[in-house]
Every structure is written in C-alpha cells, then in structure tokens.
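I opened my notebook to look up a few features of this structure.

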Amino acid sequence: MALGIDGLISGIKTTEMITELMKVEARPQALLKQKVETNKLFATALQNLNSKIASLTEAAGKIAKPAGTERYTAVSGSDSIKATVKTGAAAGSLDLTVNKLATAQVSLSGAMAAWPNGDALSISVDGAITELDTAGKSMDEVISTVNKANLGVTAVKIAAGSVDGVQQYRMQFTAAETGAAGAFTVSQNGTDLGAIRAGSDAEVTLWAGVPGAETKITSATNTFADLMPGVDITVSAVSAQPVTVAVSRDAKAISDVAASLVTGLTDVFNYIDRNSAVSVNTSDGVTKTTGGVFTGDSATRSLKQSIIDAATGALDGRSPSEIGITLTKYGTVEFDAEKFSTALAADPEKTQAALTAIASRVEAAGKAASDKYDGSITKRITSQETVVKSLNTQVEDWDRRLASRESTLKMIWSNLEVKLGTLNSQMDWLTGQLDSLSASSSKK
C-alpha cells in the first residue's frame, strides 16, 4: 500500500502530478468508452427501426390476407333494425319483417310481508330441479340464496302495497337469458308460480308474402347472427312492413386500408431519413458537420430501397401510381386518396388485388429485415450487442490496469520522498560534523 506523504520532503504536489499522469494513461480507455456509447446508440437506432418495420410488416400481412382489403358497410331501412358487418361479408340485400322480439320469462310470487317460515322453494331448469334452502331465512336471504345458486334465474323483491299497514312484497323471478331455452319453473311449497311473461324467441320473416319463399327465422336473442354472410342483424321493434337491409362495398374503408399501409411506409422512411441526415452548424466561427447514426450505412440504404421497391415496383407491367401509391422525388411514398377511389370505382377487384399484391411484397421485405430469428436487422442488432459487450470487457480491463498503474506511481513517489528524507538527515549530520571541525580549528 502506498504511503501518502504528498510533497513532505520534496515539496512536489505528487497527488496532482499523478492525477494528471493518470489522465494521460486513461486516454485509450476514454476512446473505448466513446466507442461503447457510439455502438450503443447505433444498436438503439437499429432496435427502433426494427420495431417500426415489424409493425409495418404486421399491418401489411393483415392486408395481404385473403379478404384483407374487403370492407363492407350495411344500411337498414329502419332504425329498429341494425346490421353489423363482420369478416366474410359480401354485397347484397335482404327484406325482412320482425314478427316478435325475444323475451325472458318472468314469474311472480304472491304478495307477502315476509317469507313464510317453512315454505319450500324449488326452481326447475331444463328438467333439473333445485331445492333451495329457505329454512329460517328472511325474504332477502331467500332472494340471495336464489341468486347465488347460479341457476340462470335471478330474484328480486318488489314492493306490492300494504295490508293493514303492513308492507307487502312479491318476489319476481326472471330468466337470465331471453328465448324459449331460458324457460324455468319456480314452485313454492310444490305450487307452480306460473309465468306472467313466457320466454320466447325473436322471429323474423324473410321474403314475406312471396309464395314458396317466405321463411321464418327464430333466435333466442334479438340478434340474428350471420343472417347474411358476415352480417349480424339486431332487431329492437316489431315491424308491420318488410324492411330492407343492404350491404355494399365500403370504398372509404378500403381507401383507409391503403392509406394506413402508406402511413406505415412513410413512418419507416422518415425514421431512416432523419437518422441519415447530415447537419452543418457554425458556432464561434467554427463550422461542424454532423452525421446521423445511419449516415454512410449502406445496409440501411439497401433496406430502405428494398421496401421502396416492394411498395412502388411495377405490378404486371403497371405502376402502383395508377391506384394512388406513388414514389416521391424525396425517396418516400405518398397516397392519393382521390386517385385510389377513382380506380376502385372503375375496377374494384383489380384495384383491391393490386393493393393486396403490394401489401404482400411489403410484408416479405419487412420479414426479411425484422424476422426475430433471421432478419437482417435482427442479426445486426445481435452483432452490435456483441461488440458493445466486448468493448465493455476491455473497459473493465483498463480499470484494473489503471488502478495498478496509479498504485505503482504512488509507491514510486512515496519511496522517493522517504529517500529524500534520509538524504536530508545525512546531509544535516555531515553539516554538523563539518561545523564542529571548523570550530575546533579556530580555537587552536
């Protein structure tokens, strides 16, 4: 361990001197640390780019799927009939008449001030009879017992006036689900309470009045799923006359699909461009040129070009610009919604097929770059992380090396101070001896 005798004999500020020497010694390590930060910055930029391309790839993949560009909208001739379009819808129309709505069964007990102690209560659903424990329970407790039994029947206490000043209540039992399938039987002391409203299915008539074609359709709920391909119809009122539900291609929604693809493309291109730009700044008469993390990176330029080619390359000899997807002079892509709508109106199938093909190519280019195993960017990120790890190891080696060097310098200078002290002591002794000899000679 070095002894701290900073300038004790020599008067030299050895600590400051060693500190300055160590700064010089640490220059190689400082360069390594700078390399670490540079490589980490580059790796982060690659990770961000990878995320953007992965999002673009996923979006393009959805568009490239069969029916990925199919968008339909439904219009109903009545506010009481709503049509919901799903995947698999197709253009068409249907006339239907709503005969009745789905209802849930409701049963009612007699009026009572409290649940009669000893009265039995059972509920039968689908032939299964459940005897409920009501012994010694209040009306609220009996209701809670029914609700906790999860029989598909709920109970509630309803005020029913008073008798001789005593408040009366009825217990109302309601099926949890509408339709005939939700029917139940509730018995008090073996007596069926009956139903004040039976559970019934909703019913519509298709092609009403058309001989040989009129068809009745029922549903346990007021929603008729897939009454038309990919279209659910929900009714909320009985209709006296047939109501027309029409499903047609949704040009606006399809245009939005194309626009979303282009938005994803421009997001990727803008990110690459921002990080490839070179900026020139002048401060105090000094001009500095600074490049982005992707400046001069040929792999990133190639990647961008591959995606541009996928998005704007010719399709069967025709340019995607014919459907409004255009390569700009700035090396990015823009979308012309009006041009796309015109192309869609003129030839829907061909326009949608072109959009699907473009999306498919973009998806392939994106996968080649961002695949989590074999993507080109993925591999570069892995490589950068390896480089950063190696550089950090070298920095740690330098920490040990510099610590050893500093310790050595302190030891050397400490020893020097000790030796200088010894020499000073010897010099003082010799000086004393010489002074003694001089004094003795003078007396003689």
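I looked at one strand pair. β3 (residues 92-100) and β11 (residues 202-206) pair in the antiparallel sense over four bridges. Val 98 has Val 204 in β11 as its bridge partner. I noted that two strands pair if DSSP finds at least two bridges between them. Helices (H or I, at least four residues) and strands (E, at least two) are DSSP runs, numbered from the N terminus.

The model is predicted: local features need pLDDT of at least 70, side-chain atom pairs count only at pLDDT 80 or more, and totals for chains, interfaces and linings use all residues. Residues are numbered from 1 along each chain as its sequence is written, and side-chain values use heavy atoms, with hydrogens and water left out.

Next I looked up the sheet. Five strands form an open sheet in the order β1-β15-β3-β11-β12, with antiparallel pairing. β1 (72-76) and β12 (215-219) are the edge strands, and each pairs on one side only.

Then I checked helix α4 (residues 251-274). Its 24 residues should span 34 Å at 1.5 Å a residue, and the end C-alpha atoms are 34 Å apart, so the two agree. The expected span is 1.5 Å times one less than the number of residues.

I found 16 lining residues, with Arg 318, Glu 322, Ile 323, Lys 350 and Ala 354 nearest the centre. α7 gives the most, with six residues.

Note on methods
On a 1 Å grid over the protein atoms alone, a cavity is a set of points where a 1.4 Å probe fits but cannot get out, and a pocket is an open set with protein on both sides within 12 Å along at least five of seven lines; lining residues have an atom within 4 Å of a point.
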